[in-house]
Amino acid sequence: MNPKPSTSRRRWLGFAASLSAGLTACKSSKPAADAGPSLLGKPIRPYGERSPFETAARTLADDRFPETSNSYTPLQDSYGILTPSSLHYERHHSGVPSLDPARHQLLIHGLVDRPLIFSLDDLKRLPSQSRIYFIECSGNSNGEWSQKSGLNAARSHGLASCSEWTGVPLSLLLAEAGIRKPAQWLIAEGADACKMQRSLPLEKAMKDTLVAWGQNGEPLRPEQGYPLRLVVPGWEGNISVKWLRRLKATEQPYMSRDETSKYTDLMTDGTARIFTFTMEAKSVITFPSGGQKLNGPGPYQITGLAWSGRGRIERVEVSTDGGTTWRAATLQEPRLPIAFTRFHLPWDWNGSAAALQSRALDETGYLQPTHEALIAARGANSLYHYNGIKTWQVWRNGTVTNA
Ligand SMILES: Nc1nc2c(c(=O)[nH]1)N[C@H]1C(S)=C(S)[C@@H](COP(=O)(O)O)O[C@H]1N2
Ligand SMILES: [Mo]
């Protein structure tokens with residue numbers, strides 16, 4: 001054996017020593033009055049809550065009208081690939097309606113052989129499926145167009161979350177109703193005050209769209225569309241209509257507010273891209289990320305999330321020198337298509353300033369672009385569909401800021 005431990009090994013030993021010193025300090029300085037193993041603990045309870053020591057929460061957008069606003073998932077505090085339902089980001093155009101599942105119905109009509117009305121009970125008698133998908137608002141990271149977006153990963157990337165959704169494939173309901181020629185679109189409508197409407201191409205409706213009532217093993221949260229929502233995998237969040245009450249088969253799209261004046265991308269030549277549904281490959285480092293602090297040089301695990309609306313994440317590379325050199329990160333299995341993928345990379349921080357970046361490649365060969373490449377392709381008028389490479393700046397004192 002090498003009699004002289006390497007510097008990095010010595011650093012590890014120092015790290016471990018300070019860790020155990022910390023643990024001892026914790027024990028003696030903070031005797032928890034009600035937590036001793038010999039004392040009787042709290043009684044059983046019907047619905048679980050997290051430890052009172054945990055405080056991660058959604059950040060509410062600073063808005064005068066919280067009913068038409070949004071909240072961000074604290075990605076910087078996340079583990080694994082699933083977002084707890086209580087922390088799933090929210091985006092509401094007219095608040096969260098209170099709907100009685102016993103009275104809620106879904107109407108399918110328009111160019112169909114048999115107009116149908118389904119109650120929740122009717123739907124639940126059909127063969128259901130559970131699938132893990134991310135949902136991302138196309139407005140996520142919109143501040144990054146000017147590189148002025150939020151201080152932390154919630155603010156910059158937290159309009160994206162990943163849940164297991166349970167429901168029935170929309171194709172099954174459409175087969176029951178019998179789509180008539182020349183229908184090419186479905187108009188989906190929500191039961192909230194704005195009656196949100198989006199036009200969904202029939203092809204996507206038949207391919208993998210779910211009519212979902214379950215989220216992470218229990219009913220949808222009211223904020224996520226209770227009791228029924230569309231989940232349109234990999235497409236901009238806006239089309240996953242919540243509080244779903246109606247689907248109308250039509251020949252043409254409706255050109256509703258949310259697909260004309262909103263959710264379109266204004267190009268530099270004055271034209272607008274429209275029906276830009278797919279959320280393209282994107283990634284963000286969640287540790288170390290803005291607002292966090294590194295406790296001195298030494299070994300760390302860089303970690304983050306990558307996702308693509310086009311399918312599986314194939315590779316994630318991480319740079320600690322602002323994109324000059326890249327190293328392949330380890331991808332956590334299972335890598336599910338159209339779901340968050342967790343990546344890790346060990347990093348021995350030498351204490352000097354570092355610019356951390358990640359870039360994702362999906363199974364179609366699409367590589368997440370740099371900020372500059374995205375601006376060159378789309379201009380800077382866009383509000384939606386920002387997926388450029390994100391930089392976090394680590395300073396010599398260990399603080400991490402948005403760059
Ligand atoms: N009925 C209805 N559906 C809706 C919305 C809405 O305001 N009303 N917001 C849309 C937008 S813009 C997004 S990004 C997603 C957000 O879903 P979440 O709140 O479950 O994260 O729902 C979409 N579906
Ligand atoms: Mo959205």
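## Stop 1: the cores

This is a predicted model. Start with the largest nonpolar core, which has 46 residues. Select Trp165, Phe340, Phe343, Trp347 and Val394; they have the most contacts inside this core. Next, colour strand S17, residues 298–307. S17 gives the most to this core, with five residues. The core also draws on both domains: at least three residues come from each of domain 1 (59–264) and domain 2 (282–402).

Now centre on Val394. Which residues is Val394 in contact with, leaving aside its neighbours within four places in sequence? They are Leu294, Trp347, Trp349, Ala353, Ala354, Leu356, Thr399 and Val400.

As a general background, nonpolar side chains tend to be buried together in soluble globular proteins.

## Stop 2: between the domains

Colour by domain: the protein is divided into domain 1 (59–264) and domain 2 (282–402). Their C-alpha centres lie 27 Å apart. Across the boundary, 35 residues of domain 1 are in contact with 33 residues of domain 2. The area buried between domain 1 and domain 2 is about 2,800 Å². Carbon and sulfur atoms give 61% of that area. On the domain 1 side, select Ile81, Phe134 and Trp145. These residues lose the most area to domain 2, together 29% of what that side buries.

How many salt bridges are there between domain 1 and domain 2? The count is two. For a salt bridge to display, pick Glu144 and Lys390. The closest N and O atoms of this pair are 3.0 Å apart.

## Stop 3: helix H4

Select residues 170–177, helix H4. Leu170, Leu173, Leu174 and Ala177 are buried here. They cover an arc of only 100° around the axis, so they sit on the same side of H4.

## Stop 4: helix H6

Jump to helix H6, residues 371–378. Which residues of H6 are buried? His371, Leu374 and Arg378 are. Their arc around the axis is only 65°, which puts them on the same side of H6. Turn to the other side of H6: Glu372, Ala376 and Ala377 are exposed there. Then show what covers the buried residues; this includes strand S14 (265–266) and strand S15 (272–273). Just after H6, Gly379 takes a positive phi of about 80°.

## Stop 5: Gln129

Finish at Gln129, in strand S6, residues 129–136. Is Gln129 buried, partly exposed or exposed? Its relative accessibility is 34%, so Gln129 counts as partly exposed. Show what Gln129 touches, not counting residues up to four places away in sequence: Trp165, Thr166, Gly167 and Pro169. Trp165 is one of the residues you selected in the largest nonpolar core. Last, draw a C-alpha to C-alpha distance from Gln129 to Gly214. These two are 85 residues apart in sequence and 9.8 Å apart in space.

How values were computed:
Residues are numbered from 1 along each chain as its sequence is written. Chains are lettered from A and ligands numbered from 1 in the order in which they are written. This is a predicted model: local features need pLDDT of at least 70, side-chain atom pairs count only at pLDDT 80 or more; totals for chains, interfaces and linings use all residues. Side-chain values use heavy atoms; hydrogens and water are left out. Buried means under 20% relative accessible area, exposed over 50%, partly exposed in between (1.4 Å probe, protein chains only). Helices (H or I, at least four residues) and strands (E, at least two) are DSSP runs, numbered from the N terminus. The arc is that of the directions from the helix axis to the C-beta atoms. Contact means heavy atoms within 4.5 Å. A nonpolar core is a set of buried Ala, Val, Leu, Ile, Met, Phe, Trp, Tyr and Cys residues joined through side-chain atoms within 4.5 Å. Domain bounds come from an automatic or database domain assignment. Buried area is the accessible area (1.4 Å probe) that two parts lose on being put together, summed over both. A salt bridge is a side-chain nitrogen of Lys or Arg within 4 Å of a carboxyl oxygen of Asp or Glu.
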